[in-house]
Amino acid sequence: MVILELMGFLREITGLRKPNRNEPVTDMSDASKESTAVDVETRAPSPRVDVDDQAISTPEPGAMEYDYTNFYFGAGEDAFALLEPFDDWWKQVKPAGYYLYELPIHTAPGTRVDVEDTKTGEIRKGLVNFASYNYLGLSYRPEVKEAIKEAADTYGGGSSGSPILSGTTALHREFAQEIADFKGKEAAMIFPTGYSANVGTIAGLMRSGDLIVADQYAHASIVDGMILSKAKSKFFRHNRPDDLDKKLDGFNGKKLVIVEGVYSMDGDVPPLAEIIEVCRKHGARLMIDEAHSAFVFGETGKGVAEDQGLDDEVDIHLGTFSKSLGGQGGYIAGSEELINYLRGFSRSRFFSCALSPVVVAGLRKALELAVNEPELGQQLWENVAYMQALLEEAQVPMGDSSSQVIPIMVRDDARIFSMGEEIFREGVFINPVKYPAVGKHKSRFRMSISAAHSKEELKEGAEKIVSVLRRYDICP
Ligand SMILES: Cc1ncc(COP(=O)(O)O)c(C=O)c1O
């Protein structure tokens, strides 16, 4: 029931978002409007047929129209009846573009990477990398690698236990305290991934009969936590406190509102002051997922809540170590009571093996570097401004991003993969994103900027991307 409600609502809202400088204004007042109508008229004309690279094939439009629901509703009663239609579809679409996912990388996730082209079998060397989250370039720093090697000598590879049984090493305990201190909170708790931090926190706190309201662009791990909690789940229109107000109105009971610091596919930030005001009005608690903003936003790097001067007004601070710290894992930080309660009820944490101590050692060093080298953050924002200027000059549609996550809005689900292949062959590693990661007709390339990129790399990458976008009339 909850799942159906969520699916129904997501279908209803898919495609609706705050208008911006690159998009036509959509009438938000008609909530029941069929979303697929949005923006269709802005789609670019067909690709030129004179693309001379024979290896690149334009995908069959029919094949690209498939989505998860086709396999679910089209199959019979045997649970495996889904497999054959999916396999037929996959064989058709994989060489036409889906192969661009899960390409093996043969180097560290640096600013240039060697990537295996599984279609041709070649290793494409020295591609400018805009696909990795390594926003501060910390994952491969010699100091981080050294800390990892030392921990491996002491602890070996894994932690061999749940954090509440035998999996907590001295490194885990110290790191949790360091995160609490960094975030300026009473306590913090470490999870194996950012995904499990969301699922465990939301489902640990909320129950059937409660209400959770999240921004419509909330990450899948937030949505999955909502489903698992069995609470009534609603979504408010992206960054629209007025709609949040409506969604909370009239509900008596426990309420949790969830927003992100930087939205992972759009790169924009929430209007926290207004959201907090609405939460206060309705007695709702507020949780912020700072997966993409912790360690880079705010005066001391705490995140967007600090950046907006509202850090103490947010009840639950969540984040990941997989983005700016370039490692793995997730955390929540807040009051001691909150953390103690969730220690007992976050099933995704205590029914799962603790992070490897090797990873924790690398994270501790990465945190130390992020704190002691504020110039990394300055370099990141300089690089972001430089890339935004390059793309703006070329009139590349970018959405509302105000962060290191820059979406290049292609809005052409049928041709994004052929564009992706051409960009890959030009020498740039960047991921195409399409439904279901974003709404239908909202396909884009998601660009991640790092403090480690040189100006030359940014320029070279932008020029190569723009040259392909021009061939598809995405920019003039
Ligand atoms: C907003 C947000 N929250 C949570 C996660 C999950 O984090 P992780 O990949 O560390 O599990 C992501 C991942 O991209 C994310 O974008």
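Colleague: Where is Asn239 found?
Modeller: Asn239 sits in the loop between β5 and α9 (241–248). Helices (H or I, at least four residues) and strands (E, at least two) are DSSP runs, numbered from the N terminus. This is a predicted model, in which local features need pLDDT of at least 70 and side-chain atom pairs count only at pLDDT 80 or more, while totals for chains, interfaces and linings use all residues. Residues are numbered from 1 along each chain as its sequence is written.

Colleague: And what is the phi of Asn239?
Modeller: Asn239 has a positive phi of about 60 degrees, and it is not a glycine. Most residues other than glycine have a negative phi.

Colleague: Is Asn239 buried or exposed?
Modeller: Asn239 is buried, because 22 other C-beta atoms lie within 10 Å. A residue is buried if 20 or more other C-beta atoms lie within 10 Å of its own, exposed if 12 or fewer, and partly exposed in between, with C-beta atoms placed from the backbone.

Colleague: Which value does phi take in Lys230?
Modeller: Phi of Lys230 is near 65 degrees, a positive value in a residue other than glycine. Lys230 is in the loop between α8 (220–229) and β5 (232–236). Lys230 counts as partly exposed because it has 15 other C-beta atoms within 10 Å.

Colleague: What sort of peptide bond joins Tyr435 and Pro436?
Modeller: A cis one, with omega about 10 degrees. Most peptide bonds are trans. Pro436 belongs to the loop between β12 (431–433) and β13 (444–448).

Colleague: Let's step back. How many helices and strands are there?
Modeller: The protein has 17 helices and 13 strands. Of its 476 residues, 49% are buried. Among contacts with a separation of 6 or more, 71% are between residues 24 or more positions apart. Two residues are in contact if their C-beta atoms, placed from the backbone, lie within 7 Å.

Colleague: How do the strands order themselves in the open sheet?
Modeller: The order of the 7 strands is β3-β9-β8-β7-β6-β4-β5, with mixed pairing. β3 and β5 are the edge strands, each pairing on one side only. From one strand to the next, the twist averages 20 degrees. Two strands pair if DSSP finds at least two bridges between them.

Colleague: What does β6 pair with?
Modeller: β6 pairs with β4 in the parallel sense over 4 bridges, and 5 bridges join β6 to β7, also running parallel. Leu211 stands opposite Lys255 in β6, and Ile258 has Met287 as its bridge partner in β7. 6 of the 6 residues of β6 are buried. Lys255, Val257 and Val259 point one way from β6, and Leu256, Ile258 and Glu260 the other way.

Colleague: Which strands does α9 lie across?
Modeller: α9 lies across β4, β5 and β6 (255–260), at about 160 degrees to β5. Helix α10 (residues 272–282) also packs on the sheet, touching β6 and β7 (285–289), and its direction makes about 175 degrees with that of β6. Axes are lines fitted to C-alpha atoms, for helices over the stretch in contact, and angles run from 0 to 180 degrees between N-to-C directions.

Colleague: Now the ligand. How many residues surround it?
Modeller: 14 residues do, and the closest are Gly194, Ser264, Ala291, Thr320 and Ser322. A residue is near a molecule or strand if its C-beta atom, placed from the backbone, lies within 6 Å of it. The shell divides into 2 nonpolar, 10 polar and 2 charged residues. Ala, Val, Leu, Ile, Met, Phe, Trp, Tyr, Cys and Pro count as nonpolar, Asp, Glu, Lys and Arg as charged, and the others, Gly among them, as polar.

Colleague: Which helix gives the most to that shell?
Modeller: Helix α7 (residues 194–205), with 3 residues.

Colleague: Why is α7 described as largely enclosed?
Modeller: Because 12 of the 12 residues of α7 are buried.
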